[in-house]
Amino acid sequence: MTKMDTLVFCLWAYLLLLFASCAYAEPVTEPEVAFSTPFICETARGTETRCLAEAFKPGLSAVLLGGGGICGAITAEAFTYEHHTADFEATRLSGTGKCFAVQKNEHWFTDFQMALVGVEPAMVRQVSAEADRSPVPKEIEREAKKLAAAYLQERQKISNWAGIGIGISDDYRVLRTDDVKLIIFNLLTNGQPSEPGPSVIVKQGKVFLLEGSCTYGAPLFFVVNDKLHLTYTATVACCGCGDTNFFVYDLSGETPKKVYHNWKFSD
């Protein structure tokens, strides 16, 4: 073997070793998922269609979730949505599925509560949540109620409903899925039952407060990339007002992690 042959052989061996080490050091990562709030908007011709409340480049796969089921779509052009409080960037969607068509008199957010961008419908699964009427352990109930009451007191200090007598009722609603429980407390306004209040997650005997003064609608559990998530609608600044917020929490870890918050539709 000549010196040139030996040099070429060593060079190829070095390159193979380098590629192998890079492949070992950088495993394939999970696809990145972006969240968005779906809503009904208009096309350039004035017909109703579905849009996302953030700007995305065209041609991305999107999945809509909610009472309408799971619906696949594709992002189209981005545009400025003229909202009566503050304009924001949005994205129109295109799709051919039956659930994609806007129904007459459909509420803006009822059929589809959340959108995932960057994944295919086969990667997403909605999880049914059962109403759990079994007694909540007293120590869990006390801790959860304490967290909810403290949150309300803090919000009252900085909001325009500070002069109203708001408290936490002994009544609450529990939704359960797998090893996670969602407790939605009811409020007392001046001593009388009123609206659904703050919510907490109970997981492995630990209680975690979710953001929001009042929880509205039907919270939705779903799985993407084998991770359990929760999406819900709530007000933050006050209850019974136009302070509309959409949240998504990742529940797959030891502590719930807020991964999305949209307040652009607040009045």
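Gly66 has Gly69 as its bridge partner in β5. The two strands involved, β4 (residues 61-66) and β5 (residues 69-81), run antiparallel and are joined by six bridges, and they make a hairpin with two residues between them. Strands here are DSSP runs of E with at least two residues, helices are runs of H or I with at least four, and both are numbered from the N terminus. Two strands count as paired if DSSP finds at least two bridges between them.

All of this comes from a predicted model, in which local features need pLDDT of at least 70 and side-chain atom pairs count only at pLDDT 80 or more, while totals for chains, interfaces and linings use all residues. Residues are numbered from 1 along each chain as its sequence is written, and side-chain values use heavy atoms, with hydrogens and water left out.

Moving along from β5, the next partner is strand β6 (residues 88-94), again antiparallel and again with six bridges. Here Tyr81 has Phe88 in β6 as its bridge partner, and the hairpin from β5 to β6 goes through six residues.

As for the overall picture, the protein has two helices and 17 strands. Of its 267 residues, 42% are buried, where buried means under 20% relative accessible area, exposed means over 50%, and partly exposed is in between (1.4 Å probe, protein chains only). The accessible surface comes to about 14900 Å², and carbon and sulfur atoms own 56% of that; the areas are Shrake-Rupley values with a 1.4 Å probe, and for residues only the protein chains shown count as cover. Taking contacts (heavy atoms within 4.5 Å) between residues at least 6 apart in sequence, 52% join residues at least 24 apart.

Strand β16 (residues 245-250) pairs with β17 in the antiparallel sense over five bridges, and Asp250 has Lys257 in β17 as its bridge partner.

Helix α2 (residues 138-157) has 20 residues, which at 1.5 Å a residue should span 28 Å, and its end C-alpha atoms sit 29 Å apart, which agrees. The expected span is 1.5 Å times one less than the number of residues. Buried residues in α2 are Ile140, Glu141, Ala144, Ala148, Tyr151, Leu152, Arg155 and Gln156. Seen down the helix axis, these fall within an arc of 135°, so they line one face of α2; the arc is that of the directions from the axis to the C-beta atoms. The cover over them includes β10 (166-177), β11 (180-189), β12 (192-203) and β13 (206-209). On the other side of α2, Lys138, Glu139, Arg142, Lys146, Gln153 and Lys157 are exposed.

Within β11 sits Leu188, which counts as partly exposed at 25% relative accessibility. Setting aside neighbours within four places in sequence, Leu188 is in contact with Gly165, Ile166, Gly167, Ile168, Ser169, Pro193 and Ser194.
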